[in-house]
Amino acid sequence: MPTSTLSPVLEGELEALLEAAVSETPVEESEALAAPDQAAETPVKQLVIINWSGEYDKIMPTLIMSSAAAASGYRTSVFITFWGLLPFVKDQRRIVGESWMQKTLAFMQRPGISHLKLSKMNFLGMGPWMIGRLSRKYNVASPAELLEAAQALGVEFIPCQMTMEMFGLKRDDMIDSLGEPAGAATVLELMTQPNTASLFI
Amino acid sequence: MPAVDTSAPQTGTILLDAKGLKCPMPIVRTAQAMKNLASGQLLEVLATDPGAVADFAAWSRSTGNEIVTSSVEGGVYRFIVRRK
């Protein structure tokens with residue numbers, strides 16, 4: 001646009017606007033240039049799983065995804081809560097809890113990684129028996145085997161303090177090498193880290 | 001996948017037999033075996049899980065450990081991995 005057609009006042013305003021725009025550009029450019037350097041220091045990938053369920057068909061994805069993530073170099077944390085605590089009770093504990101109600105709950109839902117039910121088609125143990133047969137036939141790793149591998153690869157299992165108390169579970173009832181019991185704020189902090197995938201299972 | 005002759009034993013190459021293992025155990029066992037390797041050392045992994053092909057490629061991209069060769073022969077996948 002030929003500037004001669006504009007009034008001197010408008011021309012002056014335009015120049016001022018242009019100068020302002022130009023003076024801002026280097027700042028934006030320097031930020032854009034800085035981005036690749038920040039990308040070079042990409043924070044480590046993380047996987048966070050809230051494991052709420054205690055059945056075989058829910059524990060399996062938790063253990064498979066967490067062990068695969070740890071094997072792939074992800075920092076991996078699994079927050080175990082509510083029914084999801086029971087598979088992480090020592091296998092040999094039959095009845096856990098202090099009150100009769102807590103003990104009855106443990107009686108109705110036997111804890112331990114080797115005593116998992118199915119979330120559907122349980123049929124008084126018929127379903128788990130068939131899945132067990134099939135998984136052995138097709139050489140699928142057992143939950144106990146996957147749990148051992150996950151722990152060996154450094155997956156951190158964090159028990160929920162609140163539900164441990166509600167179920168009357170003691171640290172000694174739980175398998176070894178669990179993380180310190182924690183709560184919702186701890187998980188939220190983990191889940192909102194950069195480069196983090198979060199799952200609720 | 002091209003057939004690669006890896007029959008000549010390479011010095012210092014560790015063998016991991018993951019035949020018969022299903023997802024995620026081939027990469028889980030590989031990751032565990034890598035811990036005992038020095039940087040630059042090779043690990044030869046044998047697997048029969050067809051899913052391992054995609055999984056090893058993804059695992060390599062995630063961890064930065066290089067897959068030197070991958071081949072298949074008679075239903076057995078052979079990956080040679082160099083520790084980063």
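Modeller: Here it is, and please keep in mind that this is a predicted model. In the largest nonpolar core, which has 56 residues, the members that touch the most other members are A:Ala71, A:Ile80, A:Ala150, A:Leu153 and B:Val28. Helix 2 of chain A gives the largest share of this core, 9 residues.

Colleague: What makes B:Val28 a residue in contact with chain A?

Modeller: Contact requires C-beta atoms, placed from the backbone, within 7 Å. Leaving aside neighbours within four places in sequence, B:Val28 meets that criterion with A:Ser67, A:Ala68, A:Ala71, A:Ala149 and A:Leu153, and therefore counts as being in contact with each of these.

Colleague: How many residues does each chain bring to the contact, and which class is absent from the side of chain A?

Modeller: Chain A and chain B each bring 13 residues. On the side of chain A that touches chain B, helix 2 (56-71) and helix 5 (143-152) each give two or more residues, with the largest share, 4 residues, coming from helix 2. By class, this side has 9 nonpolar and 4 polar residues, and no charged ones.

Colleague: Why is strand 2 of chain A said to be paired with strand 1 and with strand 3 of chain A?

Modeller: Pairing needs at least two bridges. A:Val48, for instance, has A:Ser77 as its bridge partner in strand 2, while A:Ile80 stands opposite A:Pro159 in strand 3.

Conventions. Residues numbered from 1 in each chain as written. Chains lettered and ligands numbered in written order. Predicted model: local features only at pLDDT ≥ 70, side-chain atom pairs only at ≥ 80, totals over all residues. Contact = placed C-beta atoms within 7 Å. Nonpolar A, V, L, I, M, F, W, Y, C, P; charged D, E, K, R; others polar. Core = buried A, V, L, I, M, F, W, Y, C linked by C-beta atoms within 7 Å. Buried ≥ 20, exposed ≤ 12 C-beta atoms within 10 Å, placed from the backbone.
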